[in-house]
Amino acid sequence: MPLPPKLTRAFFDRSVHKVAPELIGATLMVGGVGGVIVEVEAYHHTDPASHSFGGPTPRNTVMFGPPGFAYVYRSYGIHWCLNFVCEREGSASAVLIRALEPTEGLAAMRRRRGVAEARALCSGPGKLCEALGVTVKHNGLAFDRAPFELRARVGKPEIVVGPRIGITKAVDEPWRYGLKGSRFLSKPFP
DNA sequence: TGGGCGATTCGCT
DNA sequence: GCGAATCGCCCAC
C-alpha cells in the first residue's frame, strides 16, 4: 500500500482553525523518527494567548513569515515546542503539535527520552520535541524538506475538541483538537 | 538593565 | 494534586 501524499506548503496557507483539525491523523517524521499526530492546538493571530498577539519580536519572527515553516520556541526555560505556521495574509497564526502516536524510530525515541513506555515518548509538546530531536535549530525550516516529512491523514478520523492546556488567556476557547480514543494524548479531553 | 513570567515535565505527597 | 526546575523573552524602569 502506497504512503499517503506529502502535505504541501499550500496546505498551511489557510485558516489555522481549518488546518489544525486536519492535522489529526497526519504523519510527522523528523529525520526518520516520528508517528501519527493525535493532538494539536490552534493559535490565531487575534488570540491573546498566541505568541504573535503582541506583534513581531525576535522570538516569533518565523510566525510572521510564509506558511509551511516550523516555529520552535523554548518553554519554561527547559523544553522545546514545535508549531506549524499557517495563514499568510498579513497574519501570524500557528498550530502547536502536542502529541504523537509513535510509529517509527522507537529505539531512538527511548534513547533520547530515557523512558521505555511508548505512551510516555511523545505525549506532550516538550516530550515529542525531545523524542524527535527537535530544537531551535529547526526554527524556520520548511516542513516539506528534510529533515521534516509530513504526510496527509488517511480517511477522516473522529476528532474531539476542548479548551487548550497551560494557558492563562482565552482559556475557554475550544481550540484543542485530539484523536478520539487515542491512548497517546498529553491529557484526556473533558 | 533587571525582574517577572511562561503554549511544561517530573517527582513526591 | 502540588511545586520545583530553569532560562530566554519582553517590557517597564
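Modeller: Contact here means that heavy atoms lie within 4.5 Å of each other. Please keep in mind that this is a predicted model.

Colleague: Leaving aside neighbours within four places in sequence, which residues is Val95 in contact with?

Modeller: With those neighbours set aside, Val95 is in contact with Val16, Val19, Ala20, Leu23, Val40, Glu41, Leu82, Asn83, Phe84 and Cys86.

Colleague: How should I read the largest nonpolar core, and which of its residues touch the most other members?

Modeller: The general idea is that in soluble globular proteins, nonpolar side chains tend to be buried together. In this model, the largest nonpolar core has 45 residues, and those touching the most other members are Leu23, Leu28, Ile37, Leu82, Val95, Ile97 and Leu132. Strand 2 gives the most to this core, namely five residues. Another core, of 14 residues, lies apart from it and includes Val62, Phe69, Tyr73 and Cys81.

Colleague: Let us turn to strand 1. Which of its residues lie on one side, and which on the other?

Modeller: In a regular strand the side chains alternate between the two faces of the sheet. Strand 1 comprises residues 27–30, with Thr27 and Met29 on one side and Leu28 and Val30 on the other.

Colleague: In which sense do strand 1 and strand 6 pair?

Modeller: Strand 1 pairs with strand 6 (residues 148–151) in the antiparallel sense, over four bridges. Here Met29 stands opposite Glu149 of strand 6.

Colleague: Finally, which residues surround DNA strand C?

Modeller: DNA strand C is surrounded by Thr57, Pro58, Arg59, Tyr76, Gly77 and Ile78. Of the atoms of DNA strand C that come within 4 Å of the protein, 67% belong to sugar and phosphate. The residues of the surface near DNA strand C comprise three nonpolar, two polar and one charged.

Colleague: Which parts of DNA strand C approach Thr57, Tyr76 and Gly77?

Modeller: A phosphate oxygen is 2.4 Å from an N or O atom in the side chain of Thr57. For Tyr76, a polar backbone atom is 2.6 Å from a base oxygen. For Gly77, a polar backbone atom is 3.4 Å from a sugar or linking oxygen.

Note on methods: Residues are numbered from 1 along each chain as its sequence is written. Chains are lettered from A and ligands numbered from 1 in the order in which they are written. This is a predicted model: local features need pLDDT of at least 70, side-chain atom pairs count only at pLDDT 80 or more; totals for chains, interfaces and linings use all residues. Side-chain values use heavy atoms; hydrogens and water are left out. Buried means under 20% relative accessible area, exposed over 50%, partly exposed in between (1.4 Å probe, protein chains only). Helices (H or I, at least four residues) and strands (E, at least two) are DSSP runs, numbered from the N terminus. Two strands pair if DSSP finds at least two bridges between them. A nonpolar core is a set of buried Ala, Val, Leu, Ile, Met, Phe, Trp, Tyr and Cys residues joined through side-chain atoms within 4.5 Å. A residue is near a molecule or strand if one of its heavy atoms lies within 4 Å of it. A polar contact is a pair of N or O atoms within 3.5 Å; within protein, one must be able to donate a hydrogen and the other to accept it, and residues adjacent in sequence count only if both atoms are side-chain atoms. Ala, Val, Leu, Ile, Met, Phe, Trp, Tyr, Cys and Pro count as nonpolar, Asp, Glu, Lys and Arg as charged, and the others, Gly among them, as polar.
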